[in-house]
Amino acid sequence: MSWRVAKSLETLRHQLDARFPGRSLAADGSIGDAAHQARGRDSDHNPWYGPGIVTARDFTHDPAHGLDIQQVADQLLDSRDPRIKYVIANRRIATHRDWQWSPYEGANPHERHFHLSVVADPLCDDASDWNLPLFGETPDGRGGGDANFVTWGTGVNVRAEPRLDASVVAVLPGPTRVKVQCQTRGDTVSTAGHVNDAWSFIPAFGGYVSNIFIDHPDPWLPDIGEC
Ligand SMILES: [Zn+2]
């Protein structure tokens, strides 16, 4: 049976990947692998809505990379996003009925991941960004030993090639710590009075971001080799 994950959940996954580069995926998942078959009580992991749409996803607790499931879960509740059906984290569940945490008695305590179910409704495929405070914060450097630079701006595209017509492989919702592997000349980008044709390769995303969005005064980054 063919299936896919609700687009809103894919958006959240991409936002968390961008916000917490290198985050663990150990307990991530939507459907299909043994771990999720074992989690069969989470019925929303089954592609039961519409044409095979999975309306739930798990995201791994990884405080070493900055992803604290309680923080994300709390901010999801605070957001009152209409796409949310319920959230489970750290032995508690909260639903869109009252947005209040109450004890969760399920077999899996959800201490190594949080679970998000979205509504079984066309809204589940609303792929717009999740508006959580943590996506707007400047990273505080936790786990940032491999992070050489910080991007600025919102909705910054990471592209497969250093060209404006290349496919987008990731979007940085806000300032993001990135490790730059090398830089190269590509399409000229101009914004806010700056013009730059240098692009940095970010191995964590497998793509390039224009140096105009790297928060550094030099258009060509120092001590970074050419690709
Ligand atoms: Zn789950």
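Predicted model: local features only at pLDDT ≥ 70, side-chain atom pairs only at ≥ 80, totals over all residues.
Reader: Which residues sit on which side of strand 3?
Author: Ala56, Asp58 and Thr60 are on one side, Arg57 and Phe59 on the other. Both faces are covered. In a regular strand, side chains alternate between the two faces of the sheet.
Reader: Which way does strand 3 run against strand 7, and how many bridges join them?
Author: They run antiparallel, joined by five bridges. Strand 7 covers residues 113-118. Phe114 in strand 7 is the bridge partner of Phe59.
Reader: New topic. How many disulfides does a search of the whole structure find?
Author: One. Cys182 and Cys227 form it, with sulfur atoms 2.0 Å apart. The pair links distant parts of the chain, 45 residues apart: Cys182 lies in strand 12, Cys227 in the segment after strand 14.
Reader: Right-handed or left-handed?
Author: Right-handed, because the torsion about the S-S bond is about 95°.
Reader: Is Cys182 buried or exposed? And what about Cys227?
Author: Cys182 is buried, at 10% relative accessible area. Cys227 counts as partly exposed, at 44%. Cys124 is buried, with 0%.
Reader: Zoom out. How many helices and strands does the chain have?
Author: Four helices and 14 strands. Buried residues are 47% of the 227 in the chain.

Terms used. Residues numbered from 1 in each chain as written. Heavy atoms only, no water. Helix = DSSP H or I, 4+ residues; strand = E, 2+ residues; numbered from the N terminus. Buried < 20%, exposed > 50% of the residue type's maximum accessible area, 1.4 Å probe, protein only. Pairing = 2+ DSSP bridges. Disulfide = S-S within 2.5 Å.
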